[in-house]
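The sequence and structure are shown first.

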Amino acid sequence: TGGLGSYTRLLVSNLAEIDSKNEYLLYLHQWGMPDHEELEKILPKRKNFRLVWRRIPNSVSLFAEYKLGFGLTEFFLKNDAGTVFHGPGNMVPAFKTIKSVVSIHHYLPVSHPLFSPNARNARTRFYFSITEKAARSATRVVATSENTKKDIIEQIGIPPEKVSVIYAGIQPAFRKLDSRALPPALAGKLPGKYILFTGPLDERKNLPAFLAAFAAVKEKLAGYRVAITSNPSSLVAQALSSLIEKLSLQNDVVFLGEVSDEEMVLLFNRAQCLAYPSLLEGFGSPTLEAMACGCPVMASNTSALPEITAGAALLFNPREQGAIARSLLKITGDEGVRRDLVARGFERIKRFSWRRMAEDFLDTYRAVLTTE
C-alpha cells in the first residue's frame, strides 16, 4: 500500500509490457498466507512472471541477514543462477554471490533534526542502519532524484559511479477531469474554495509554519479553507489542535483523513492550489500529481523540489513565514500566474514516465549482470 506499493506495482507492470524474454521472480516474504485473489488483480498476466513466496517475516529476514550473518534470501534463491535482486524499498539483503540493485527514495539520518523524535526507537534505528548497509553492499544504487543521489554520496559515503538516478512516473489515474464535482462526503466538508495540503504530517512537511502563514493573510483569503489529507497521530493531532485554536483557524482548516487515489484526483482537480512547504523531500510525487490534474503548485525551494518541479511551481523559502504568505496570495490572486503554472505543469509531467522508468531499470539490470 501507499507510495512504495504504487512504485513497485507500476514498475512491475511496465516491465511486463516491455520485456517478454527475461524471467521475473516476484519475491514475497511474509508470515501470513498471501491474498491470492488480491494478488491476481495486480500481478502481470505474463508467462515470464511468477510469484515466489517464503513464509518468513521481513523483520526476521533482515535480522538474520544483517545481525546474524545468515543469508536467508540467498539460501532461498540459490537455485536461480544469473539472478539480479532488486530491492525497491531502500534495502536489499546482504548477498555474497547474488548481484543486487537497491532503490533509495530518500535518506535522512536518525541524527538529523528533521527526523521525528517519536520515531527514534530501536526498530527505526535498525531500519535506517540497514538502508545504509544496503547502499554499501548493493551492486548498484538507484536514487529517485539527483538531490537524493547527492545525499547518498555525501552522507553514506557511496562512490558516485555506483549511484544512478531513475525518476519515477506519475500514476495514470492523476489527470485533468471534465467533471470536477466532489463526492457528497467530501463536498459537505469543502463547500467553497480550498488550498490542498497532503501528508503525512511529520516534521518535514512543515504544516505549522504553513498554517501560521495562512493565518497571517486569511483576511485577504476570505472564503478559503485549508484541506488536509492525512490522519495524524494522537500526539500530532493534539499539537495541531492547540495551534489551530491559537491561530483562530477553527473554521478554516478541514482534516479529510486518508483518501483514496480516486478521491485525491477529484481533490486536485477542484483545489485552488497545492501547498507543499516541505523542508526535505527526496522526490515529491504530490507536486507532479497535482500538475497532471491541472492544479497550480506552490512548493519549497529546498532539497529535490526545485529539481522535480523545474520552473512549473511557485517556489518559496519554507522557513520564512512571509515568503509562504506572499506565495499564497500570489497563487490564489493572480489568474495569469495560475494559468502559467498550469501550462508549465502539463509540460513538466511529460518528463516522468513509468515506461521510461521500466526501460531504465531494465538497462540497469543488464549492466549489473555484467559487472565484475
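## Basis of the model

The model is predicted; local features need pLDDT of at least 70 and side-chain atom pairs count only at pLDDT 80 or more, while totals for chains, interfaces and linings use all residues. Residues are numbered from 1 along each chain as its sequence is written, and side-chain values use heavy atoms, with hydrogens and water left out.

Helices (H or I, at least four residues) and strands (E, at least two) are DSSP runs, numbered from the N terminus. Axes are lines fitted to C-alpha atoms, for helices over the stretch in contact, and angles run from 0 to 180 degrees between N-to-C directions.

## Helices α3 and α5

Helix α3 (residues 58-66) packs against helix α5 (residues 122-137) at an angle of about 55°, and their axes lie 12 Å apart. The two helices are therefore oblique to each other; angles under 35 degrees count as roughly parallel, over 145 as roughly antiparallel, 65 to 115 as roughly perpendicular and the rest as oblique.

Leu62, Phe63 and Tyr66 of α3 meet Phe126, Ile130, Lys133, Ala134 and Ser137 of α5, where contact means heavy atoms within 4.5 Å. By class, this contact of α3 with α5 has six nonpolar, one polar and one charged residues. Ala, Val, Leu, Ile, Met, Phe, Trp, Tyr, Cys and Pro count as nonpolar, Asp, Glu, Lys and Arg as charged, and the others, Gly among them, as polar.

## Helices α13 and α14

For helix α13 (residues 321-333) and helix α14 (residues 335-348), the packing angle is about 85° and the axes are 5 Å apart. The pair is therefore roughly perpendicular. Lys330, Ile331, Thr332 and Gly333 of α13 touch Glu335, Val337, Arg338 and Leu341 of α14. Three nonpolar, two polar and three charged residues make up the contact of α13 with α14.

## Nonpolar cores

A nonpolar core is a set of buried Ala, Val, Leu, Ile, Met, Phe, Trp, Tyr and Cys residues joined through side-chain atoms within 4.5 Å. In the largest one, of 56 residues, Leu196, Phe268 and Phe361 touch the most other members. Helix α15 (residues 354-369) gives the most to this core, with seven residues.

A second, separate core has 30 residues, among them Leu201, Cys273, Ala275 and Ile331.

## Threonine 148

Threonine 148 lies in helix α6 (residues 146-156). At 1% relative accessibility, threonine 148 counts as buried (under 20% relative accessible area; exposed is over 50%, partly exposed in between; 1.4 Å probe, protein chains only). Leaving aside residues up to four places away in sequence, threonine 148 touches Ile104, His105, His106, Ala143 and Gly282.
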